Amino acid sequence: MGSICSGRINFDPVERKCREMAYASSTSLGVRLTEGEGNLPKLVLTSPAGSEAEIYLFGGFITSWKVPSGKDLLFVRPDAVFNGNKPISGGVPHCFPQFGPGPIQQVTLNAKSLATELTVKNTDNKAFSFSTTLHTYFQASVSNASVKGLKGCKTLNKDPDPKNPVEVVTFPGFVDCAYLDASSELQLDNGLGDLISIKNTVYAVLWNPYLQMEACYKDFVCVENAKIGSVQLEPEQTWTAVQHLSIA
Ligand SMILES: O=P(O)(O)OC[C@H]1O[C@@H](O)[C@H](O)[C@@H](O)[C@@H]1O
């Protein structure tokens with residue numbers, strides 16, 4: 001379940017199973033179960049190279065990804081609530097709208113990368129469909145941040161609605177825009193000196209709330225990896241989505 005240079009953990013939404021797997025892996029893989037905000041159980045993955053990731057068992061939220069320099073590339077909003085009921089606003093939440101057939105998420109940490117693999121299996125005896133998003137919040141200096149890889153994409157009618165997205169898309173104010181058929185690799189310049197590659201994008205959503213969140217909008221951008229429109233799964237079929245984040 002891992003190699004010498006990575007920490008990896010699989011978990012499903014059933015917390016008990018996750019705890020068992022975390023304990024089982026703790027000696028060899030740099031996986032530690034600890035108590036996070038709001039006394040919620042949290043896994044800490046570490047790699048020998050010094051990178052670290054924190055994952056709440058509640059919802060599988062990844063709230064921190066520190067690269068070996070110690071810099072955290074993810075952002076958690078100051079108004080995030082850790083009460084085990086409300087989604088945690090920040091990090092890498094995965095939005096999976098329906099209850100029932102549950103997603104399983106696998107997180108793999110290496111020296112300079114963080115990969116998530118979301119698997120959805122239809123365990124029912126009839127077909128069902130869904131949309132899903134990885135709603136990643138990145139630390140950023142919003143006035144200097146930009147995204148490459150969206151040139152020429154069609155956009156959904158959100159805000160702003162560029163008719164023909166340019167090579168380098170910036171965040172000049174309120175931004176909430178979906179880009180269809182984005183290239184499979186986007187490059188985020190977080191404006192803080194880091195170039196982050198986001199691989200396996202299907203559709204991208206860029207979001208910054210600007211003055212709607214005056215206290216924090218300058219410090220993050222969301223670059224989301226989405227499957228908009230439905231995935232149809234027949235009984236027993238599975239669907240897997242992988243997102244690979246890395247720095248040079
Ligand atoms: O649920 P959160 O983390 O507050 O994010 C909300 C935002 O999420 C974005 O994905 C949507 O495009 C926005 O329209 C929405 O406002």
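Student: Which side chain makes a polar contact with the side chain of K42?

Tutor: This is a predicted model, where local features need pLDDT of at least 70, side-chain atom pairs count only at pLDDT 80 or more, and totals for chains, interfaces and linings use all residues. Numbering runs from 1 along each chain as its sequence is written, and side-chain values use heavy atoms, leaving out hydrogens and water. A polar contact is a pair of N or O atoms within 3.5 Å; within protein, one must be able to donate a hydrogen and the other to accept it, and residues adjacent in sequence count only if both atoms are side-chain atoms. At 3.1 Å, the partner of K42 is E54.

Student: Is K42 buried or exposed, and why?

Tutor: K42 sits in strand β3, residues 41-46 (a DSSP run of E, at least two residues, numbered from the N terminus). Buried means under 20% relative accessible area, exposed over 50%, partly exposed in between (1.4 Å probe, protein chains only). Because its relative accessibility is 12%, K42 counts as buried.

Student: What share of the ligand's exposed area does the protein bury?

Tutor: Around the ligand sit R77, H135, Y137, K158, D176, V205, W207 and E224, each with a heavy atom within 4 Å of it. Polar side-chain atoms lie 2.9 Å from a ligand oxygen for R77 and 2.4 Å from one for D176, while an N or O atom in the E224 side chain is 2.7 Å from a ligand oxygen. Taken alone the ligand exposes 400 Å² (Shrake-Rupley method, 1.4 Å probe), and the share buried by the protein is 60%.

Conventions: Helices (H or I, at least four residues) and strands (E, at least two) are DSSP runs, numbered from the N terminus.
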